[in-house]
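Hi,

Here is the structure for you to look over. Please open it first, then read my notes on its salt bridges below.

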Amino acid sequence: MLFEISHVTDYVYGVVAAEAYIEARLQPLERPGQQILKRKLVIAPNAATSIYTDFFGNTVEFFSLPYRHRKLTITNQFVVRTKKQQLPDEALDVSVQEARQLLGASMADVFDYLQPTETVKVNKEAVQWTKRYLPGKAPLRTALEALNKAIYEGFEYRKGSTDNSTPLATIWREKKGVCQDFAHVMLSILRTAGLPARYVCGYIDAFPGEDDSRLVGTMATHAWVEVLLPGQNWVALDPTNDQWCADRHVAVSFGRDFRDAAPLRGTFKGSGGQSLKARVFMKKLPPGKAPKG
């Protein structure tokens with residue numbers, strides 16, 4: 001598939017800000033099944049960026065506005081070609097217990113994706129769900145699909161019911177939230193089971209086409225989970241929509257949780273507060289519309 005994506009974020013300050021310092025994780029990665037054909041980052045007021053790669057492999061564009069400004073707008077525009085990837089059947093046929101043993105040999109490489117974080121904590125619910133949906137003898141494919149479906153059916157998607165500060169314990173108790181929350185729930189269960197898993201932030205084509213079902217996650221960034229399999233293959237599942245991720249998902253950033261993969265984070269100096277508004281526009285293009293160069 002071919003997509004044109006525009007992600008616009010506006011920061012408006014209650015009182016003129018004296019300075020602002022921002023990290024942007026908006027540069028999609030080149031990876032199997034995902035090719036970036038064209039990309040442009042526009043910052044208003046204009047600011048120069050410096051680029052580095054963070055611990056999780058994300059491209060980070062850092063910039064500062066060391067002068068007074070009332071509003072900051074960041075526009076990320078790109079064209080991407082996606083291709084559905086074949087799932088690694090042999091690795092998915094391995095049992096949960098065998099997977100833990102095989103992945104143990106690469107513990108140093110995946111250590112961070114096995115640990116709880118301040119946002120993704122292990123609790124009794126995660127332990128109970130691990131025993132129920134990820135028993136040691138179950139084949140990985142069966143277990144992962146059952147867990148994905150259980151989160152989809154057991155939690156209600158309700159926009160605005162949570163924010164970035166809502167504790168995971170609240171999500172477990174209320175059984176409602178948004179894609180970010182469901183990804184965190186899934187991460188807590190997978191890590192409790194000893195399976196390395198990471199948070200993915202990106203975009204999803206949620207609008208129906210011919211013989212297509214409507215997916216949740218458009219109009220903003222979307223979130224899902226990748227699990228590491230024996231053979232060092234990452235596979236992606238979307239518990240918000242109960243499916244394996246394919247060519248309708250565009251991955252941008254990765255981490256242990258939302259904090260690591262947040263599209264934008266930073267600070268400003270000023271005496272007032274700020275409001276933030278983010279909008280995502282994702283358009284499917286005909287194959288012949290791919291940009292040249």
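**Salt bridges in the model**

The count comes to 17 salt bridges. Keep in mind that this is a predicted model.

Start with Glu61 and Arg39. Their side chains meet in a salt bridge, at 2.7 Å from N to O. This pair links distant parts of the chain. Glu61 sits in strand β5 (residues 59–65). Glu61 counts as buried because its relative accessibility is 6%, and buried means under 20%. Arg39 has 22% relative accessibility, so Arg39 counts as partly exposed.

Next comes Arg265. Arg265 forms a salt bridge with Glu23, and the closest N and O atoms are 3.1 Å apart. Arg265 is partly exposed, with a relative accessible area of 33%.

Arg265 and Glu23 are also part of a network. Salt bridges link Glu23, Arg25, Asp54 and Arg265.

The last pair is Glu118 and Lys121. Their closest N and O atoms are 3.5 Å apart, and the two form a salt bridge. Glu118 counts as exposed because its relative accessibility is 59%, and exposed means over 50%. Lys121, at 42% relative accessibility, counts as partly exposed.

Best wishes

Note on methods
Residues are numbered from 1 along each chain as its sequence is written. This is a predicted model: local features need pLDDT of at least 70, side-chain atom pairs count only at pLDDT 80 or more; totals for chains, interfaces and linings use all residues. Side-chain values use heavy atoms; hydrogens and water are left out. A salt bridge is a side-chain nitrogen of Lys or Arg within 4 Å of a carboxyl oxygen of Asp or Glu. Buried means under 20% relative accessible area, exposed over 50%, partly exposed in between (1.4 Å probe, protein chains only). Helices (H or I, at least four residues) and strands (E, at least two) are DSSP runs, numbered from the N terminus.
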